[in-house]
Amino acid sequence: MNTYKIAEMFSSINGEGTHAGQLAFFVRFTGCNLNCSYCDTKWANVSNAEYTEMTADEIRSEVQKSGISNVTVTGGEPLIQPNIVPLLETLCGDGRYVEIETNGSADVSEVVKIKGERPALTMDYKLPSSGMESFMRTENFALLEAKDTVKFVSGSRADLERALEIIREYGLVGKCAVYISPVFGKLKPAEIVDFMLANKLNGANVQLQMHKFIWDPNMRGV
């Protein structure tokens, strides 16, 4: 029987993405294959991170008990977890909206093959200030649909310029949702708006990490 290393599960609101501001039940895994400069969940990614081993049925039971229809699968990096597809198949259905937050380096091809109502992908493209851009798997862009999202977390003007290049090169606006967010405390949101205006970046969205304004930015479980 497959088991999964769960760092935490909790009910809150989605702080970002197309369902920002809505209630969500979070399933967070330990472990990540990247090490972004601005990562706010490093505690879940270290080799000795605490976790609870759970089966897919046990995880689904906790989701059902929450009474919340939006489920956000996050990490760490969910798509490097062994046997992740059977878990996603278990969580989908029964009127739930399942979203995977993935870092842009993992292959999403097996996720998009899930039959029925597959999970939505909220996929990062790691910009230069993250230190992880070289790991980005741009082949994933061809697999995205209208229900999916590409998110650009920007910490500098150079990041914004690179995001614009990627958005245009891969025709992301109109293909999926596109969000540009500031690294919290590093880039003023107004700078993103000014950049979008200057470049007539129609169809893209500025987004702030809502949960970091509602609660302490370093608080866990929110």
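A residue counts as buried when its relative accessible area is under 20% and as exposed when that area is over 50%, with partly exposed residues in between. This cut-off is a handy place to begin reading the structure shown above, which is a predicted model. Phe 10, with a relative accessible area of 8%, falls under the 20% limit and is therefore buried.

Five aromatic pairs were counted. In one of them, the ring centres of Phe 10 and Phe 26 lie 4.9 Å apart, and because their planes meet at 10°, the pair is classed as stacked. The two partners come from distant parts of the chain: Phe 10 belongs to strand β1 (residues 3–13), while Phe 26 belongs to strand β2 (residues 23–29), 16 residues apart. Like Phe 10, which is buried, Phe 26 counts as buried, its relative accessibility being 7%.

A tilted pair is formed by Phe 141 and Tyr 170, with 4.8 Å from centre to centre and 50° between the planes. Here, too, distant parts of the chain are linked, this time through loops. Phe 141 sits in the loop between β6 (120–124) and β7 (149–154), and Tyr 170 in the loop between α5 (157–169) and β8 (177–182), 29 residues apart.

Helix α5 comes next. Its 13 residues reach 18 Å from the first C-alpha to the last, close to the 18 Å expected at 1.5 Å a residue. Which residues of α5 are buried? They are Asp 159, Leu 160, Ala 163, Leu 164, Ile 166 and Ile 167. These residues lie on the same side of α5, because the arc they cover around the axis is only 165°.

The buried residues pack against β7, β8 and α6 (189–198). On the face turned away from the buried side, the exposed residues Arg 157, Arg 168 and Glu 169 are found. Just after the helix, Gly 171 adopts a positive phi of about 55°.

Methods: Residues are numbered from 1 along each chain as its sequence is written. This is a predicted model: local features need pLDDT of at least 70, side-chain atom pairs count only at pLDDT 80 or more; totals for chains, interfaces and linings use all residues. Side-chain values use heavy atoms; hydrogens and water are left out. Rings of Phe, Tyr and Trp (its six-membered ring) pair if their centres lie within 6.5 Å; planes under 30 degrees apart count as stacked, over 60 as edge-to-face and the rest as tilted. Helices (H or I, at least four residues) and strands (E, at least two) are DSSP runs, numbered from the N terminus. Buried means under 20% relative accessible area, exposed over 50%, partly exposed in between (1.4 Å probe, protein chains only). The expected span of a helix is 1.5 Å times one less than its number of residues. The arc is that of the directions from the helix axis to the C-beta atoms. Contact means heavy atoms within 4.5 Å.
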